[in-house]
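The structure comes first, then my notes.

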Amino acid sequence: MKHKVTLIPGDGVGPELIDIVKKIVSHLVEIEWEEVEVGEDALKKYGDVLPSNVIESIKKNKVALKGPVTTPIGSGFRSVNVALRQILNLYACVRPCKTYPGINTKYENVDIVIIRENTEDLYAGVEFQPFSEEANYIISKSNGKISKDCAISIKAISPSATRKIAKFAFEYAVKNNRKKVTSVTKANILKYTDGLFFEVCREVAKEYPQIEYEEKLIDNMCMQLVQKPQMYDVLLLPNLYGDIVSDLCAGLVGGLGVAPGANFGDEYALFEAVHGSAPKYKGLNKVNPTALLLSAKMMLEYLGENEAANRLENAIIEVIKEAKVITYDLGGNSKNTEMAEEIIRKLGS
Ligand code: NAD
C-alpha cells in the first residue's frame, strides 16, 4: 500500500538527514512524500516561517516527517516546532531512550520512554516586555517581589491538557507492556501549576491500578537518572522539564545522534528526532542519521508497517554493532551517507 506523508526537510543538518531517510525508507515501503518548507528559507521565499500550505498538507495527509528547524536564540521569530505542535494540537511528545548494543555508554539496560506535554507550560509563548501594560499590572500584584525591569513569562498548566497527557502516558504504558509511570515536576516550589499537574496525574493513575505510579521532583529526578536510570520506565512531564530531560536521557544512551521522537495528537502525528539543526555540521555529512531513522521507524509503526519498522531497526542495530561504518559520535569516522549505504546493504541481506 502506498502511503502519503508530508515531508519537512528543515534546515542545518535536516535536509541531508531527510535525504538519507527517504532513500532508506524507499527500500522498505512505498511512500509518496509531499515536501513543504518552513523556517528561515520559507520566510525569505513566502514571507512566513510557517506558510499555510504546511498545515494544510499535514491536515490532509495526517502524518508528517520533519527534519530539525533552527530557532533564533533570544530574539527573532518564534519556534516553528512549538507552533506546529500547538496549531495541530500534537499534545503528546514521545521520546524513547534505550541502550542499543554496540553503543559505548556508561549505562547498560536503559529503556526509558519520555512522555512530554507538548502544548502549554512556559512554551505557551505568553511573555511580556518590561514596562508593557500587562507586565506593569502583574508587577503591581507582586508585593514588590518582581522588579520593574523584569521580563515575564507565563507558565500555564491546565487540568484538561494535563488529564490528556496523563491518560496518554498510562494508555501508552498499558499498550506497550510498561510497568511504571513516574510523574516529574517542581511542585514543592510551583505549588499551583506543578501542584495541579501532580494532582491530575494522581487522579488518572487511579484508573490504571495495574501500572505503578510515583512522583518525583525534577532536581532529584535528574540525579536519579544519572545514578540509576534502570529504575525508570515511563516518565510523564510538563513541557519544559520534558524538553530538558529528553536531552539528559539521550546522553544516557549514546547522545542526540541516537534519540528519536514523535508528536501525537488525536488526529495527526509528526515524527522528528530529539536533536536540533546542529548548524556547525551543516553540509558536512558528519552527523548520525540514526535518530531520524529511528523516528522514521516509529512512523512506520504508526502507519501499520510493523515488519518494515522491525527490518529498519535491525539493520541499524547491525551496522552500529559491527562498528565498521559509523559516524563520529559513535566512535567512527564515516560520513552519514556511507553509514546509510551500509544500512541499505543490511536491509538487502
Ligand atoms: P542540536 O541538537 O542542534 O546540537 C547540539 C549538539 O549535539 C551538536 O553540536 C552535536 O554535537 C550534537 N548532535 C546533534 N545532532 C546530532 C546527530 N544527529 N549526530 C551526532 N551529533 C549530534 O542543539 P543546539 O545546538 O542547541 O540547537 C541548534 C538549533 O536547533 C537551535 O536553533 C534550536 O532551536 C534548534 N532545535 C530544533 C529542534 C527541532 O527542530 N525539533 C530541536 C532542538 C533544537
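My notes below go from the model itself to the ligand and then to the domains.

I am working from a predicted model, in which local features need pLDDT of at least 70, side-chain atom pairs count only at pLDDT 80 or more, and totals for chains, interfaces and linings use all residues. Residues are numbered from 1 along each chain as its sequence is written, and side-chain values use heavy atoms, with hydrogens and water left out.

I then went through individual atoms: an oxygen atom of the ligand is 2.7 Å from a polar backbone atom of glycine 276, another entry puts a polar side-chain atom of asparagine 81 at 3.1 Å from a ligand oxygen, and an N or O atom in the side chain of lysine 66 is 3.2 Å from an oxygen atom of the ligand.

I next turned to the domains, whose bounds come from an automatic or database assignment: domain 1 (1-96 + 256-349), domain 2 (106-121 + 157-252) and domain 3 (124-155). The centres of domain 1 and domain 2, taken over C-alpha atoms, are 25 Å apart. Between these two domains I found two salt bridges, by the rule of a side-chain nitrogen of Lys or Arg within 4 Å of a carboxyl oxygen of Asp or Glu. I also noted that the side chains of arginine 95 and aspartate 243 meet in a salt bridge at 4.0 Å, N to O.

How values were computed:
A polar contact is a pair of N or O atoms within 3.5 Å; within protein, one must be able to donate a hydrogen and the other to accept it, and residues adjacent in sequence count only if both atoms are side-chain atoms.
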